[in-house]
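Dear colleague,

Please find below the structure that I am handing over to you. My notes on what was found in it follow directly after it.

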Amino acid sequence: MQREKILITGANGQIGKVLTVALREVFGLENVVATDLRSPNISQGIFEQLDATDFEAMSSVVVKHGITQLYHLAAVLSARGEADPTGSWHINMNSTLNVLEAGRIFKLSKVFIPSSIAVFGSSAPKEGVHQCFYPEPETVYGIAKVAGENWGAYYFNKYGLDVRSLRFPGVIGYQSAPGGGTTDYAVEIFHKAISEKSYTCFLEKHTRLPMIYMDDAIRATLRLMEAPADRISIRTAYNLQALSFSPEQLATEIQQHIPDFSIEYKPDFRQKIAEGWPGSIDDSLARHDWNWKPAYGLQSLTKDMIKHLSESPQFA
Ligand code: AKB
């Protein structure tokens, strides 16, 4: 059996940081190369500084380490992307095409390029959006994700490159900080609840969005990537649903643990982005094809977040 050598882009990011650790547990410390624009403060394993928009640089890291699988986590997210639409298109699209080209040229065995619920816009139903609903995104991030999904399917159909993808909801975890997303409030709220017992939310209280706990997001990624190729019926990106809630529902759940926690709402430009997204999506194909099933709901996620963050030296 071929020994897999993994490369991760965006390894310092919210998901990248946790996925790097998980992949090192699966494949071994010496077989996972973390890359990002800047080196992390602490790195246990192999790290290479890499701008994923630079194809020559990416190729030389792939060749140097004999990479066989690539996980492309580097991206400019929805809210940050709106500040510089053409700049973020350039970063998100060029890096995605570089990953696909590296996959084709260096005959990588598998490539993971995550997508997002941001592929859907206000033309989609508010609840249970079907896998095949025509995506009409309203952010530059969403437009790039739809394009990336289609490029992935193109490389699979034309070149046989094993490209796999998930439409991630907002990801909530204690291990890392999000940056530049519209769903970031759902992580920030925990930090503020513990440090200040109050939070000013940039979304309106009834804005229901799909979310997922980090452990589930990592498990879904590993499970998708481990699945036999003949189980993968979707080569654009699988809808992935775990739980859905509004800021008000999350705040109420936090108050079960921190009774004097208070929240106020000052919606900003991110409210419009959130309003364009569905409250839930239908992931029955992921459940059918590779047995996806989330483990965390609102109560268990809240309990786990508060437990881990309260124990963190940051709040000591
Ligand atoms: C964002 O808010 O932009 C991301 C996403 C849903 O893809 N978390």
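I begin with the ligand, where an oxygen atom lies 2.7 Å from an N or O atom in the side chain of Tyr141. Please bear in mind throughout that this is a predicted model.

Thr182 contributes through its backbone, with an N or O atom 2.7 Å from an oxygen atom of the ligand. Thr183, by contrast, contributes through its side chain, of which a polar atom is placed 2.9 Å from a nitrogen atom of the ligand. Of the 250 Å² of accessible area that the ligand has on its own, the protein covers 93%.

Tyr141, Thr182 and Thr183 belong to a shell of residues around the ligand that also includes Leu77, Ser78, Ser116, Ile117, Gly181 and Trp277. Sorted by class, this shell holds 4 nonpolar and 5 polar residues, and no charged residues.

The shell also leads to the wider organisation of the chain. The domain assignment divides the protein chain into domain 1 (6-169 + 214-239) and domain 2 (171-211 + 242-315). Each of these two domains supplies at least three residues to the shell around the ligand.

I turn now to how the two domains meet. The C-alpha centres of domain 1 and domain 2 are 23 Å apart. Their contact involves 43 residues of domain 1 and 38 residues of domain 2.

The size of an interface is often expressed as the accessible area lost when the parts come together. Here, domain 1 and domain 2 bury about 3400 Å² between them, and 58% of that area is on carbon and sulfur atoms. On the side of domain 1, the residues that lose the most area to domain 2 are Gln14, Ile117 and Pro169, which together account for 19% of what that side buries.

As for polar links, 25 residue pairs are in polar contact between domain 1 and domain 2. The interface of the two domains has 1 salt bridge. Separately, I note that Arg208 forms a salt bridge with Glu127, in which the closest N and O atoms are 2.9 Å apart.

With kind regards

Technical notes:
Residues numbered from 1 in each chain as written. Predicted model: local features only at pLDDT ≥ 70, side-chain atom pairs only at ≥ 80, totals over all residues. Heavy atoms only, no water. Near = heavy atom within 4 Å. Polar contact = N/O pair within 3.5 Å; in protein donor to acceptor, adjacent residues only side chain to side chain. Areas by Shrake-Rupley, 256 points an atom, 1.4 Å probe, with all protein chains shown as cover. Nonpolar A, V, L, I, M, F, W, Y, C, P; charged D, E, K, R; others polar. Domains from an automatic or database assignment. Contact = heavy atoms within 4.5 Å. Buried area = accessible area lost by both parts, 1.4 Å probe. Salt bridge = Lys/Arg side-chain N within 4 Å of Asp/Glu carboxyl O.
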